Amino acid sequence: MRRQSRHTLSFGIASDASAVDSSAVTYEFKLPDLGEGLTEGEIARWLVAEGQEIGEDDPLVEIQTDKTTVEIPSPAAGKVARILVAEGETVAVGTVLVVIGEDGVTAAVGEQPRAEEPPAASAVSRGLTPGHGPPGRVRATPLVRRLAQELGVDLEALGGSGPQGRVTEEDVRSAAASGGLTPGHGPEGRRERLRGVRKLIAEHMARAHAEVPAVTWVEECDFGAVDLKRLVAVTLKAVAEALEEVPELNARLEGDEIVYLDRYDLGVAVQTDQGLVVPVVRDCDSRSVDELADEVTRLAESARAHKLKPEELRGSTFTVTSAGKLGGLLTTPIVNHPEVGILSIGRVAERPVVRGGEIVARPTGTIAVTFDHRVVDGARAAEFGLAVIGRLEAGG
């Protein structure tokens with residue numbers, strides 16, 4: 001079953017091409033400008049294969065960009081003549097991805113018709129199987145590739161028994177049973193190339209760690225007055241109000257200038273089966289806790305169903321993260337660059353504390369604030385953290 005994409009875009013055919021007999025036209029489809037200043041995208045998955053007949057608006061390709069997957073439909077009907085960019089490759093906007101239609105007049109989508117690219121540039125002639133990987137990689141569906149990865153089978157070492165040499169599930173299982181493991185799968189472990197969301201996370205975290213001189217402040221918080229089912233929403237409200245008092249944490253460092261933001265759009269870290277994503281809850285300062293709770297639920301459900309829109313992942317001014325029962329006693333999160341601060345909630349549990357000179361059990365956790373020390377002084381970060389804790393201990 002094809003995975004539900006997070007967002008779908010549609011594109012039309014250039015008007016000049018409409019005057020040409022569609023059966024004789026070859027369309028070159030380029031990676032479109034997906035907006036928000038994006039200049040490149042990764043081919044996450046081809047939804048077609050060379051030689052396949054497709055209709056206009058049929059699912060064509062999934063593009064991974066900025067932590068979201070965009071499904072692009074076919075701009076034209078016809079046979080998939082050549083797939084020019086393999087899965088896992090990152091290319092710039094404007095790169096020709098696929099050629100659709102029989103040989104004949106070439107009409108690039110969004111452009112005037114021009115001469116067709118020589119066959120030597122096709123994916124097959126460059127050693128690429130349709131929509132799959134660099135030279136040397138074999139034909140196999142995503143399901144078969146995933147199975148091979150799980151069983152430690154080297155697909156490149158197999159001779160496929162399927163049509164046109166495609167490797168089948170039976171081929172993979174037979175190889176696994178006979179010991180056809182990936183080289184290096186033993187003592188050195190299985191190798192898996194970074195791609196998709198995991199690749200973006202790795203690049204983003206590495207940049208943040210390299211550029212931001214981060215410091216973390218931690219303090220305990222009594223959560224007895226907070227409905228833990230609405231903990232994230234209550235925390236967002238408390239954070240937005242505290243940011244109004246400590247504006248240095250709701251800012252950006254751009255060159256030699258600090259830009260103080262006058263909006264309170266807070267990112268909320270959500271774990272999904274593809275990795276961590278950070279959808280943005282807008283206007284946290286002016287919305288009620290009930291409204292924030294509904295929005296957090298909606299965004300989290302969309303994130304786990306891979307239905308977030310690109311604009312729902314951009315523009316946060318500060319980030320809040322909580323791993324619930326998995327959060328540990330405390331965490332020291334990495335600042336979500338280009339923000340200058342992030343707040344994390346540790347695991348809340350009944351712990352012995354002193355109240356009125358007596359030891360009592362209270363639902364206690366930790367609040368940690370990691371901040372960019374170039375912009376925020378330690379004392380101001382502490383003031384912010386204590387302001388958040390004060391609001392939480394008062395019930396929000």
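**View 1. Helix α4 passes helix α5 in a right-handed crossing.** In this predicted model, a crossing is called right-handed if the near helix is turned clockwise from the far one by less than a right angle, and left-handed if anticlockwise. Helices here are DSSP runs of H or I with at least four residues, numbered from the N terminus. Helix α5 covers residues 289-304, and its axis comes within 8 Å of that of α4, at a crossing angle of roughly 125 degrees. The axes are lines fitted to C-alpha atoms over the stretch in contact, and angles run from 0 to 180 degrees between N-to-C directions. α4 is therefore oblique to α5 (under 35 degrees counts as roughly parallel, over 145 as roughly antiparallel, 65 to 115 as roughly perpendicular, and the rest as oblique). From α4, V232, A233, V234, L236 and K237 take part, and they meet V289, L292, A293 and V296 of α5; contact means heavy atoms within 4.5 Å. Sorted by class, this contact has eight nonpolar, no polar and one charged residues (nonpolar: Ala, Val, Leu, Ile, Met, Phe, Trp, Tyr, Cys and Pro; charged: Asp, Glu, Lys and Arg; polar: the others, Gly among them).

**View 2. Helix α4 also packs with helix α6.** Take residues 231-245 for α4 and residues 378-393 for α6: their axes lie 9 Å apart, at an angle of about 140 degrees. That angle makes α4 oblique to α6, and the crossing is right-handed. On the α4 side you will find V234, T235, A238, V239, E241, A242, L243 and E245, facing R380, F384, A387, V388, R391 and L392 of α6. Nine of the residues in this contact are nonpolar, one is polar and four are charged.

**View 3. T235 sits in helix α4.** With 0% relative accessibility, T235 counts as buried (under 20% relative accessible area; over 50% is exposed and in between is partly exposed, with a 1.4 Å probe and protein chains only). Leaving aside residues up to four places away in sequence, T235 touches V320, L343, I345 and L392. Its C-alpha atom is 7.4 Å from that of G396, 161 residues away along the chain.

**View 4. Residues 104-137 have pLDDT under 50.** pLDDT is the predictor's confidence in each residue, from 0 to 100. The model gives this stretch 89 contacts beyond four places in sequence. Across the chain the mean pLDDT is 80, and 76% of residues reach 70 or more.

**Notes.** Residues are numbered from 1 along each chain as its sequence is written. Local features need pLDDT of at least 70 and side-chain atom pairs 80 or more, totals for chains, interfaces and linings use all residues, and side-chain values use heavy atoms, without hydrogens and water.

Technical notes:
Helices (H or I, at least four residues) and strands (E, at least two) are DSSP runs, numbered from the N terminus.
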